[in-house]
Amino acid sequence: MLEPLYLALDQGGQSTRAVLFDPSGTAVARARVAVGQACPDALNTEQDAEELVGSLQTAIARVTQTVGAEGGMRIAAAGLATQRSSTVCWDTRTGAALSPVLSWQDRRAAALMPAYGDHAPLITQRTGLRLSPHYGAPKMRWCLDNLPAVKAAFKAGHLAMGPLGSFLVFRSVVPRALVVDPANAARTLLWAHERQDWDPELLDVFQIPWETLPSCAPTCHPFGAIPAGGAFVPLTILTGDQAAALYCEGTPRTDTIYINIGTGAFLQRPLERQPVDQGRLLWSAAARGGGEDRDVLEGTVNGAGAALAWGSEALAYPDLARDCDRLLTDGDPRPLFLNAVGGLGSPYWRPDASSRFEGDGTRAAKAAALIESIVFLIQENIEALCAIAGPCAALVVTGGLAMSDGLCQMLANVSGIVVRRPAESEATARGLAFLAAGHPRDWPAGTGRVFQPMGDEPLRERRARWRALMPALIDG
C-alpha cells in the first residue's frame, strides 16, 4: 500500500504555497504562486481577496499536477494556514468579497484606538493581546463605518466578517462552511481564552454584530473538502501561519523559543500555563483539539522583511534582501537604525512610531544597519520572554530571512544562545503537515544547521547604543 500524503496550504503576504509531505515529513512536491500587496499610504496595507482565492486554487492545481493522478489519490488530509490578523468582509450568499483583505500590517483603524482606551485592561485580560489597530476588531469596525458595500450587506442580513482564513475556507470547501479556528479568531480581540468563543462584552466594546462572525471550531476539525487533482481532500486543520510554524519540528518544547522571520518576526515560547504577569508580551492560542491544546507567550516585531522592503525603496537598493550576508560583512562604519517599520510591536507597542537613522554612512552601511536592527528588536523580545519564562536552551529560527547565515550568526552572538535552523525552509507548511498527520510521535526534526554564539563586543556595544536611543523613538 502506498504511503499517504499530506497537503499543506500556506497563504502568506507575498505568495501562496502548496506543499505535499510524506509521513516522514519530507516534501515531495511544491508549488508557489506570487500575490500582490498594495500600500497606498503609511497606514494602509491591503490585498485583493479574489486574487488570494485564485492563488490558492492555482497552487493546489500545480502541486497535484506534479504528482499526477495516482499521487493525488494518496492525499489523506489537508491543512490551511493564513495570516492571522488579516481581515476581510464578504457576502454569505455569493461568497464575493466586499472589502480588500486588510493585512495584519494595516493600521487604518489607528484613529479609533482612543475610543477603546478605557477597555484596554479588559481586552488584555480576556484575549491575552493588547489593544492595537493591527488586530481584527478595529478593522471590522472601520469597514462597517466606511465601506458602503459592507453597510448594505449588513442591513440586508448577508454580511460575514472575520479572519482571512475563514473567508478562504468559505470559498474553498464543499459544503460551504462559515467557521474559524482559535489561532485566527484570537487575533480579532473578540475571542476570549476562557470561553473559547466570541466574548459578548468585547463584541459590545467594538460594536461588532455576533451574527456576522464565523462560528468557532477547534484547530483540528472536519472543515469540509477541498477539490484537489480531481478528488476531494478533507480539510482537517485550519490555523494561523505562526501557530503552524511552531510545529515544524514536531511537538514544540517549553525550553525553546521559536522565531519565524518573514515580513514580520514572531517569537513563541510554549508554556504549560499562562504566567501570572505576561508583561508587555502576548498570550496566544496555538492549537485546540486533536489531543493538542497549546498556548504560547509571544513577541512581535513588525519590521523584519517589511523593513527590508522599506529599505529597498528608501535606499534605492533593490537587491537588499538578497545581499544580507554580504552587507553584514561590509567593513564600512554603520549608523544605527531605529526600526519602527509597520509600527513598533512588543515590548514597546507604539503603532505610530517613525523610523530613522542615527548617524550617517554609505548606502551599504545603512542597509547593514537596517538588517542589524531586526536582530536587535528580536533580542529585545528574547530578553522579555526569558524574564517571564526563564532561560531557554535554544532558538529555532525559520522563515525567509532565517536563510541568511549572517543574520542567524548575529542573533546567536547578541543573544548568547544557540541558534538552530531546520533543514526545511517551509516551516509553516511542515508544521501543517505534522498536524494533519495526527501528531506522529516519530516525526523527525531533520538536520539543519546550528550557529554557536561567538564573542562580538563591537556588536554588543552597538546594541547598547541602539537601546539607549530607543526611548526617544518611543516617546516621539
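**Figure 1. Contact between helices α12 and α15 in the predicted model.** On the α12 side, the contact is made by Ala-369, Glu-372, Ser-373, Phe-376, Leu-377, Gln-379, Glu-380 and Glu-383, which meet Leu-459, Arg-462, Arg-463, Trp-466, Arg-467 and Met-470 of α15. By type, the residues of this contact are six nonpolar, two polar and six charged. Helix α12 spans residues 363-389 and helix α15 spans residues 457-474. Their axes lie 11 Å apart and cross at an angle of about 75°. An angle from 65 to 115 degrees counts as roughly perpendicular, so α12 is roughly perpendicular to α15.

**Figure 2. Contact between helices α13 and α15.** Helix α13, residues 405-415, packs against α15 at an angle of about 75°, with 9 Å between the axes. This angle makes α13 roughly perpendicular to α15. Met-410, Asn-413 and Val-414 of α13 form the contact with Leu-459, Arg-460 and Arg-463 of α15. Three of the contact residues are nonpolar, one is polar and two are charged. Leu-459 and Arg-463 of α15 are also listed in the contact with α12.

**Figure 3. The open sheet of seven strands.** The strands follow the order β17-β18-β16-β15-β21-β22-β23, and their pairing is mixed. Strands β17 and β23 (449-451) stand at the edges, and each has a single partner strand, so one side of each has no neighbour in the sheet. From one strand to the next, the twist averages 30°. In general, the strands of a sheet pair through backbone hydrogen bonds, and the pairing can be parallel or antiparallel.

**Figure 4. Strand β17 and its partner β18.** Strand β18 covers residues 294-301, and its pairing with β17 is antiparallel, over five bridges. Two of the facing positions can be found by residue number: Ser-284 is opposite Val-296, and Ala-285 is opposite Asp-295. Six residues lie between the two strands in this hairpin, where Gly-289 has a positive phi near 90°. Is β17 itself buried or exposed? Six of the six residues of β17 (residues 282-287) are buried, so this strand is largely enclosed by the rest of the structure.

**Figure 5. The buried and exposed sides of helix α3.** In helix α3, residues 120-127, the buried residues are Leu-122, Ile-123 and Thr-127. These residues cover an arc of only 100° around the axis, which places them on the same side of α3. The face turned away from this buried side carries Pro-121 and Gln-125, which are exposed. What covers the buried residues of α3? The covering elements include β10 (191-192), α8 (200-206) and β17. After α3 comes Gly-128, which has a positive phi, near 80°.

**Figure 6. Gly-68 and Gly-229.** Gly-68 is a residue of helix α1, which runs over residues 49-73. The relative accessibility of Gly-68 is 29%, so this residue counts as partly exposed. Partly exposed residues fall between the cut-offs for buried, under 20%, and exposed, over 50%. Gly-68 and Gly-229 are 161 residues apart along the chain, and their C-alpha atoms are separated by 7.8 Å.

Terms used:
Residues are numbered from 1 along each chain as its sequence is written. This is a predicted model: local features need pLDDT of at least 70, side-chain atom pairs count only at pLDDT 80 or more; totals for chains, interfaces and linings use all residues. Side-chain values use heavy atoms; hydrogens and water are left out. Buried means under 20% relative accessible area, exposed over 50%, partly exposed in between (1.4 Å probe, protein chains only). Helices (H or I, at least four residues) and strands (E, at least two) are DSSP runs, numbered from the N terminus. Two strands pair if DSSP finds at least two bridges between them. The arc is that of the directions from the helix axis to the C-beta atoms. Contact means heavy atoms within 4.5 Å. Axes are lines fitted to C-alpha atoms, for helices over the stretch in contact, and angles run from 0 to 180 degrees between N-to-C directions. Angles under 35 degrees count as roughly parallel, over 145 as roughly antiparallel, 65 to 115 as roughly perpendicular and the rest as oblique. Ala, Val, Leu, Ile, Met, Phe, Trp, Tyr, Cys and Pro count as nonpolar, Asp, Glu, Lys and Arg as charged, and the others, Gly among them, as polar.
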